[in-house]
Amino acid sequence: AGQPLMRLDTRQIDIQLRQAEAERLRTRALVTQLRTWPASPEVARGLRVLGAARAALAVGQAALDETRRLFERGIVARMEVDSLEQLQQAQREAVLDAQQELQLTRARGQGDVLAIAEMELENAEARWQALAAMREQRVLRAPFDGLLARVGNGGASTALPLQEGQALTQGMPLLVLSDLERLQVNAGVEERDVGSLREGMEVGAIIAGHLLAGRLSQIGQQPRNDTGQGAWYDVVVDLNLPVVSSELGLRLGMGAQLALLLQRREQAIVLPPEALRRDEAGRTYVVFREGDEQAPRKVPVTVGITA
């Protein structure tokens, strides 16, 4: 356990990781900018423009009022009043434009814009974390003690060669690590017997001359495809090893003889079927006597498993 098995070349992942990091930093800066948008330079610039427009409007209104008083006194011509009125109208439109621009600027950092930026930041964070976790697995280590073997080609016994510099794809099987401290026996059961089985039943297995105890852990729900006449179902037995399997001389692929205990009764007796009788009430009994000198008597019995 913990022994390094192989080291993966992560140069391509390193490139993707740096790209993801750059995207993560960009989106984080954008979200920070949008969350502090009311104090941003863009909003401050819009406020200054609106303030200048309002100040110009106030100055123009004062000039127009003074010119109207002078016109009423006959000091200035009507043309000057008309000119200032046109200027005042232009200044009012400038104030409206500045207000609309400030409203649009403030809206850029609120609502859907901010929500979209936050979702993009979450995606960038998740992408970066996934690539970082993948890069952390560049050294493949054995998760437990076991037997290391090459992967067969399509389930066959031929082994695929592993060479330095070999290109791999995600999900490609490379090695098989078998835990020899926990062994299982794969077997088949005929359809006439599978109905008598249940998970958790005690099993005795003879392997390489050793009698080992086990329990039935799995019963197949579908029949095998490689069987001939009749249906056979796969069963899996978990073995209880008293010592390490290597000390028993066990190897993967060895044959095994299994014996399943279908039923256990501590207080029971085996009888031939013809010894069972029924009374008028339909109850099962046997005729029993303890010795030749004793008179026979009826003993009620409960019938269990029959073979």
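Which residues is L239 in contact with, leaving aside its neighbours within four places in sequence? The answer is L183, V185, A205, I207, L212, A213 and G214, where contact means heavy atoms within 4.5 Å.

The structure is a predicted model, in which local features need pLDDT of at least 70 and side-chain atom pairs count only at pLDDT 80 or more, while totals for chains, interfaces and linings use all residues. Residues are numbered from 1 along each chain as its sequence is written, and side-chain values use heavy atoms, with hydrogens and water left out.

L239 belongs to the largest nonpolar core, which has 18 residues; L239 and L216 touch the most other members. A nonpolar core is a set of buried Ala, Val, Leu, Ile, Met, Phe, Trp, Tyr and Cys residues joined through side-chain atoms within 4.5 Å. Buried denotes under 20% relative accessible area, exposed over 50%, and partly exposed in between, with a 1.4 Å probe and protein chains only. Two or more residues of this core come from each of β5 (184-190), β6 (202-207), β7 (210-223) and β8 (232-240). A second, separate core of 12 residues includes V31, W37, A98 and L121.

Strands (E, at least two residues) and helices (H or I, at least four) are DSSP runs, numbered from the N terminus. Two strands pair if DSSP finds at least two bridges between them. Five strands, in the order β5-β8-β7-β6-β9, make up an open sheet with antiparallel pairing. Because β5 and β9 (257-260) stand at the edges with a single partner strand each, one side of each has no neighbour in the sheet. From one strand to the next, the twist averages 40 degrees, with axes being lines fitted to C-alpha atoms (for helices over the stretch in contact) and angles running from 0 to 180 degrees between N-to-C directions. Within this sheet, β6 and β7 run antiparallel and are joined by six bridges; I206 stands opposite L211 in β7.

Another open sheet has three strands in the order β10-β11-β12, again with antiparallel pairing. Its edge strands, β10 (277-278) and β12 (297-300), each pair on one side only. Four bridges link β11 (residues 284-288) with β12, and F288 stands opposite R297 in β12.

Helix α2 (residues 41-72) has 32 residues and should span 46 Å at 1.5 Å a residue, which agrees with the 47 Å between its end C-alpha atoms; the expected span is 1.5 Å times one less than the number of residues. In α2, the buried residues are V43, G46, L50, A53, G60, L64 and T67, and what covers them includes α3 (78-107). Just after α2, G74 takes a positive phi of about 80 degrees.
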